[in-house]
Amino acid sequence: MSKLYDKKVECPICGNEFTTKKVLSSKLRVEKRDTDFMTYYKTENPIKYDVFVCSECGYSAMEKNFNKIRPEWKEIIKDKITTRWKKRDYSGVRSTEQAIECYKLALYCGELLGLSSYHIANICLRLTWLYRILESEEETKFMRFSLEKYKDFYYNGTFTQDTSNDATIAYLIGELHRRLGEYQEAITWFSNAISSPQIKNNLRLEKMTREQWRVAKESAKKS
Ligand SMILES: [Zn+2]
């Protein structure tokens with residue numbers, strides 16, 4: 001059994017206090033990881049609870065960003081979200097479908113508020129993973145969105161302590177291309193990842209990159 005608990009949250013937009021479920025980290029048991037970093041757990045998957053949704057005003061964001069608001073966002077959320085918000089409550093146990101709704105709300109808010117392409121890409125990647133659980137064709141659509149946003153970040157964004165490093169992002173871009181059947185692009189990006197000095201600090205990533213590079217080359221030969 002997975003152990004969920006209620007976390008108390010205060011909405012930074014409207015001040016409403018609500019609770020949202022979290023998975024006790026001590027109870028997490030990793031089962032396996034996909035090559036695009038999707039992690040499967042023997043217990044409840046914590047990614048389902050990574051988005052907080054305010055039941056009062058509709059403001060939604062991933063936990064990491066939930067409190068990082070700019071003053072002008074209050075008006076934007078009130079005008080564009082709250083006026084159309086039909087009160088919905090995501091405080092309970094979430095089905096995969098409900099988790100997808102939460103991420104879509106976070107995506108909508110994130111685009112409205114102009115979150116960085118890195119954060120938008122992260123939301124889209126999690127939607128990709130959730131649709132994978134459902135074995136839905138929507139997975140490909142969000143994989144494409146995620147890929148384009150990571151590329152935008154790679155070329156135009158700023159790598160900081162709050163973001164993954166350039167080797168990790170280059171690897172991920174390569175892997176998403178590979179999964180979409182675009183093997184030449186995948187090979188180029190895996191090569192970018194390997195030539196980044198950052199990769200020397202991450203042996204696991206280096207090993208994964210070399211392995212997926214080999215897989216992409218083989219697929220390119222066959223196709
Ligand atoms: Zn609120």
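Domain bounds come from an automatic or database domain assignment. The model is predicted: local features need pLDDT of at least 70, side-chain atom pairs count only at pLDDT 80 or more, and totals for chains, interfaces and linings use all residues. Residues are numbered from 1 along each chain as its sequence is written, and side-chain values use heavy atoms, without hydrogens and water.

A pocket is an open set of points on a 1 Å grid over the protein atoms alone, where a 1.4 Å probe fits, with protein on both sides within 12 Å along at least five of seven lines; lining residues have an atom within 4 Å of a point. Volume is the space filled by probe spheres set on the points, which are joined across faces, edges and corners.

The largest pocket holds about 520 Å³ of space. Its lining has 25 residues, and Met 62, Tyr 118, Asn 122, Arg 126 and Trp 129 are the closest to its centre. Helix α4 gives the largest share, six residues. Helices (H or I, at least four residues) and strands (E, at least two) are DSSP runs, numbered from the N terminus. Domain 1 (1–89 + 101–115) and domain 2 (164–223) both contribute to the lining, so the largest pocket lies between them.

The second largest pocket has a volume of about 330 Å³. It is lined by 16 residues; Asn 65, Arg 70, Leu 115, Ser 116 and His 119 lie nearest its centre. The elements giving two or more residues to this lining are α1 and α4.
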